[in-house]
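Please keep the sequence and the 3D view at hand.

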Amino acid sequence: MAPLLEFESVNKTYGKKAALRDIALTIEPGRIVGLLGSNGSGKSTLLRLAAGLNRPDSGKIRVLGHEPGKASKALVSFMPDRPQFEKWMTVGEALDFQRDFFADYDPDKSKRMLEFMKLSRRDKASTLSKGMQERLQLTLALSRRSSLYLLDEPIGGVDPVARDHILDALVEFYEEDSSVIVSTHLIADIERIFDEVLMIRDGSLLLQREVEQLRMESGKSVDQLFKEVYAEC
Amino acid sequence: MLKLLKYDVKRDMFMLIGGAIVLIVALLVIEIGGRQIGLGLDGAAVLSLVTYTIFALLILMGACNAFRLNIRSIGRRLIPLGSLQYVGASLLYALLLNAVMLVIGGLQILYYDANGTLEKLIQTGIVKIEWYSPLPLPIGIAFILLWGSLFLQTMLLLVMSVMESLNVKGRALIALGMVLVLSSLISAAENSFFGGLGSSPLTGFRADNQSSITMPGSESAAGVSVYLFELVVIVLFVWATARMIDRKVRIE
């Protein structure tokens, strides 16, 4: 089976600052991948490139064989680190927006997710608390039957109870033949769900490894290893 | 494209309905209140024209702002649509709003026609229309207004996309400068290609003073060739705008 996502020597700069340097990676189907790195390490840039929101300066990106663009956007479900719904929308309207533009939107799944997340279609999205907005963001992303889910800091800024709920929802509702890339720097809370991790620092990929293999090789948890690697930053 | 338009209209619904109500109330105040205070037909006609002009400018600003929000919005940019669709939706939005205003204006003219006001306005010379085109006047005016709006809108969309691509201070000033430069270039090109002949058989609307409106015409409009030239310019503007959206516009 073809890889879901491929990066080949991808570079991206913002002005004079290099956000990504010579990134090469491959994501196979059926994986939950942790994209780990400290703030400003390039995690969001990597996800935005994969989602087709930005273009690389050099290198190639392919999503199921497509270059990022109209075709790849139909296959990728991206949860950005800021609200993707518009301020005027209710929860229901935000979901209707997904339904209108994405052929893989699943109304039944969306309904189940709303119940699981304790969201009401009538609530105004912009007046929800931070934690509830994160839940809505995840509902919008996972209501689609996509090939690749890209979740940018899905548990950033929410309390531990909400974190657990969001992670439970992620495991419950992602499509098993698809892959999920979750960017985070809160490793301890989320480590349990990863099959594989990518560590990124200063725009460079430090490692891509199976979680079990990493634990066996280092004799440490991913969280401990992360703290060691990033302690030097 | 139509789905994008649907969400633009839904987002701006409150403002659009409010705007339409304000326009109708303003016209009623001019019509009814004008009679109460003894405002003549001439004053009412000029005030109505000024009201329509203000609303046309508001529509232009509203459509440009909607476009600016859309091309920067992460939610909109994630949907699997090409950049041309954002431009198309925005042009349709502006055309739709202008068409609604034209309908309101048309209804007012029909009302004036039915109660004899229109005839009086023309007979007394308050409204002067010089029309040399074979097209019927109402269709001609509607076409000229919509074409002019489309042309200006495509230029403004390009300027907006450039503005939203820059990461410097004074972007609004740069945008203003671009509008002046592009307008001057197009005028200069039309003058040199078509010898100063206008594209329109009706060269504009003019409130000469407080009591008369002139719609000066041109017997020697260059006609179709200028429209073709403007169509080429519109296509170039749209293409450049789509490229800017694809490659440069910063997404929030």
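In this predicted model, 14 residues of chain B are in contact with 16 residues of chain A. On the side of chain B that touches chain A, the elements giving two or more residues are helix 1 (2–36) and helix 3 (74–77) of chain B. Sorted by class, that side of chain B comprises seven nonpolar, three polar and four charged residues.

Six strands of chain A form an open sheet in the order 5-6-7-3-8-9, and their pairing is mixed. Its edges are strand 5 (76–79) and strand 9 (204–210) of chain A, each of which pairs on one side only. From one strand to the next, the twist averages 15°.

The loop between helix 5 (130–142) and strand 6 (148–152) of chain A holds Ser147(A). Is Ser147(A) buried or exposed? Ser147(A) counts as buried because it has 20 C-beta neighbours inside 10 Å, and a residue is classed as buried at 20 or more. When residues up to four places away in sequence are not counted, Ser147(A) touches Leu4(A), Leu64(A), Leu75(A) and Ser178(A). Val10(A), by contrast, is 137 residues from Ser147(A) in sequence and 22 Å from it in space, C-alpha to C-alpha.

The nonpolar cores complete the picture. The largest has 94 residues, and those with the most contacts inside it are Val33(A), Ala50(A), Ala94(A), Leu150(A), Val180(A) and Ile181(A). With neighbours within four places in sequence left aside, the contacts of Val33(A) include Val180(A) and Ile181(A), as well as Ile27(A), Phe194(A), Val197(A) and Leu198(A). Ser179(A), Asp195(A) and Glu196(A) are also in contact with Val33(A). Another core, of seven residues, lies apart from the largest one; among its members are Leu27(B), Ile30(B), Ala45(B) and Val46(B).

Definitions and conventions: Residues numbered from 1 in each chain as written. Chains lettered and ligands numbered in written order. Predicted model: local features only at pLDDT ≥ 70, side-chain atom pairs only at ≥ 80, totals over all residues. Contact = placed C-beta atoms within 7 Å. Helix = DSSP H or I, 4+ residues; strand = E, 2+ residues; numbered from the N terminus. Nonpolar A, V, L, I, M, F, W, Y, C, P; charged D, E, K, R; others polar. Buried ≥ 20, exposed ≤ 12 C-beta atoms within 10 Å, placed from the backbone. Pairing = 2+ DSSP bridges. Axes fitted to C-alpha atoms, helices over the stretch in contact; angles between N-to-C directions. Core = buried A, V, L, I, M, F, W, Y, C linked by C-beta atoms within 7 Å.
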